[in-house]
Each structure stands twice: as structure tokens, then as C-alpha cells.
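Please look over the sequence and the structure shown below. A walk through the chain follows.

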Amino acid sequence: MSGNGSNIADIRKDYQLAELDEQTAGDNPFIFFNKWFDDALRADASEVNAMVLATVDADNKPHARIVLLKGIDESGFVFFTNYNSDKGADIAVNAHVSVVFFWRELERQVRIEGIAQKVSAADSDEYFNSRPEGSRLGAWASPQSQIIKDRSILDYNYQQYEAKFGQNIPRPPHWGGYRIVPDKIEFWQGRASRMHDRIVFEKDSNSDWKIYRVAP
Ligand SMILES: Cc1cc2nc3c(=O)[nH]c(=O)nc-3n(C[C@H](O)[C@H](O)[C@H](O)COP(=O)(O)O)c2cc1C
């Protein structure tokens with residue numbers, strides 16, 4: 001296989017930066033995720049809070065796209081979006097979602113699986129009001145995921161909402177957060193010769209975290 005004159009099949013990287021064992025991972029995946037997130041921040045990882053979000057639609061077809069992690073609390077991982085978007089429609093019929101982080105600077109991947117639940121209106125308001133004015137208007141102006149005739153529709157909508165709201169831009173009712181309440185989190189550390197480390201936390205029937213290692 002080739003792309004642009006180079007042979008794609010020959011592209012490979014050996015991972016040697018670090019190791020991961022059960023002791024280091026501890027017994028609480030939130031604490032460990034926060035540690036890895038801090039490491040990624042310190043390593044100046046590119047788009048450190050960007051995660052690929054996979055949802056499944058009513059026909060069981062998967063769809064993946066990037067969203068930004070905007071908060072972590074004791075119950076889950078929060079992102080914000082348009083509830084009327086394709087992803088919102090998917091979540092409405094199937095709340096099971098998966099997200100993936102890839103911090104290439106640290107040769108690390110984290111996979112989270114769980115249930116997406118809307119955050120409270122108060123939490124959505126709080127985050128919405130912290131956003132720059134342009135982003136707040138954009139949330140009104142963009143009918144996310146819908147087919148539009150051309151870009152001018154967006155500019156027109158933006159100007160209309162700017163004139164309507166002035167400085168006082170409320171949160172659109174169709175815009176807000178989801179909290180992914182995880183039942184499984186896998187931490188992956190790249191190792192030499194594809195002998196990577198994979199430590200998984202999975203909730204058992206008592207909602208306790210079961211911890212195990214899986215083969216790379
Ligand atoms: C770096 C990056 C960050 C993004 N962050 C978000 C986000 O936080 N929320 C969001 O709704 N879309 C975000 N997007 C856009 C989504 O990837 C996607 O295009 C959009 O949400 C529509 O997806 P859907 O039609 O599947 O619902 C981001 C895209 C990129 C590349």
C-alpha cells in the first residue's frame with residue numbers, strides 16, 4: 001500500500017517510554033485517569049482533552065467523532081454538545097458510548113465505556129456561560145449535523161442571534177452536557193515489540209471495580 005509516494009505498510013514506531021503494572025494503576029480508575037491526564041498536561045500533549053466518541057444509532061451502526069472532555073467528577077466524564085445532533089439522536093436510542101484518548105507524546109491510550117446521561121441544566125448553564133461570546137452564539141447559529149445549503153446560512157443565523165441577544169446570550173435548550181458514567185476503563189501503555197501493557201478496570205455486579213490485565 002502506498003500513499004503520497006511512501007509505503008504506508010512500512011510506517012511503524014516502537015514504544016519504549018514507560019511501563020504500566022497493576023500496582024501503579026492502583027484500585028481507583030478515576031484517580032489513575034487523573035494522574036495520566038496530569039502527566040499528559042505536563043508533557044504538553046497536543047489537544048490533551050480531545051477524545052474520540054463512539055455512539056451507535058438506531059440501526060446498530062457505529063459513528064465516531066472527536067469531542068472535548070470538559071470535566072471529570074466522582075461519577076463520570078463530561079462533554080458538551082448539541083442534543084439535537086446525530087450523536088444526541090444516537091444517545092437517545094442507545095446510551096452506551098465509548099471514548100478513546102490517545103496521548104502520543106506518552107505512548108498512552110485510554111478507552112472508556114459507559115452510559116451517557118445528560119448533566120443537569122444548572123451544570124450546562126454554568127459551562128455555557130463560561131464560553132466566549134462567539135461560541136455561545138455559534139451554539140444557536142449551527143443546527144449541528146443538519147444538511148445546510150451553504151455556509152452563508154451559518155453567517156446569517158449568527159448575525160440574527162447576535163442582533164436578538166446582544167451581550168445576553170442564554171443557553172439554547174438543545175445544547176448541554178453529557179456525563180459518561182463508566183463501567184470499564186482500559187489504560188494502555190505502549191511497550192517494545194508490541195508487548196504493550198493493558199490494565200483494565202471493570203465494574204462487577206456489586207459496582208466494585210474489578211482489575212485485570214489483558215494481552216496486547
Ligand atoms: C478537536 C475537536 C474538538 C471537538 N469538540 C467538540 C465538542 O466538544 N462538542 C461537539 O459537539 N463537537 C466537537 N467537535 C466536532 C465533532 O467532531 C463533530 O463534528 C460534531 O460534534 C458533529 O458530530 P455528529 O454529527 O456526529 O453529532 C470537535 C471536533 C474536533 C476536531
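Is Glu107 buried, partly exposed or exposed? With 18 other C-beta atoms within 10 Å, Glu107 is partly exposed; a residue is buried if 20 or more other C-beta atoms lie within 10 Å of its own, exposed if 12 or fewer, and partly exposed in between, with C-beta atoms placed from the backbone. Glu107 sits in the loop between S7 and S8, and its phi is positive, about 55°, although it is not a glycine. Helices (H or I, at least four residues) and strands (E, at least two) are DSSP runs, numbered from the N terminus.

This is a predicted model, in which local features need pLDDT of at least 70, side-chain atom pairs count only at pLDDT 80 or more, and totals for chains, interfaces and linings use all residues. Residues are numbered from 1 along each chain as its sequence is written.

A positive phi is also found at Glu47, where the value is near 45° in a residue other than glycine. Glu47 belongs to the loop between helix H2 (29–42) and S3. Glu47 counts as exposed because 11 other C-beta atoms lie within 10 Å.

Now the chain as a whole. Its secondary structure comes to six helices and eleven strands. The C-alpha trace spans about 60 × 55 × 40 Å along its principal axes. Of its 216 residues, 24% count as buried. Among contacts between residues at least 6 apart in sequence, 61% join residues at least 24 apart; two residues are in contact if their C-beta atoms, placed from the backbone, lie within 7 Å.

The ligand comes next. Around it are 16 residues, of which Arg65, Thr81, Ser85, Lys87 and Ser145 come nearest; a residue is near a molecule or strand if its C-beta atom, placed from the backbone, lies within 6 Å of it. Strand S4 (62–68), strand S6 (77–82) and helix H3 (86–93) are the elements that give two or more residues to this shell. S4 gives the most, with five residues. By class, the shell has six nonpolar, six polar and four charged residues. Here Ala, Val, Leu, Ile, Met, Phe, Trp, Tyr, Cys and Pro count as nonpolar, Asp, Glu, Lys and Arg as charged, and the others, Gly among them, as polar.

Helix H3 has as its buried residues Lys87, Gly88, Asp90 and Ile91. Seen down the axis of H3, they fall within an arc of 160°, so they line one face of the helix; the arc is that of the directions from the helix axis to the C-beta atoms. These buried residues pack against several strands, including strand S3 (50–56), strand S7 (96–103) and strand S9 (175–189).

What remains is a pair of helices. Two packed helices are described by the angle between their axes and the distance between the axes. The axes of H5 and H6 come within 9 Å and cross at roughly 115°; axes are lines fitted to C-alpha atoms, for helices over the stretch in contact, and angles run from 0 to 180 degrees between N-to-C directions. Leu137, Gly138, Trp140 and Ala141 in H5 meet Leu154, Asn157, Tyr158, Tyr161 and Glu162 in H6. This contact has six nonpolar, two polar and one charged residues.

Tyr158 is partly exposed, because it has 16 C-beta neighbours inside 10 Å. The C-alpha atoms of Tyr158 and Gly138, 20 residues apart along the chain, are separated by 6.5 Å.
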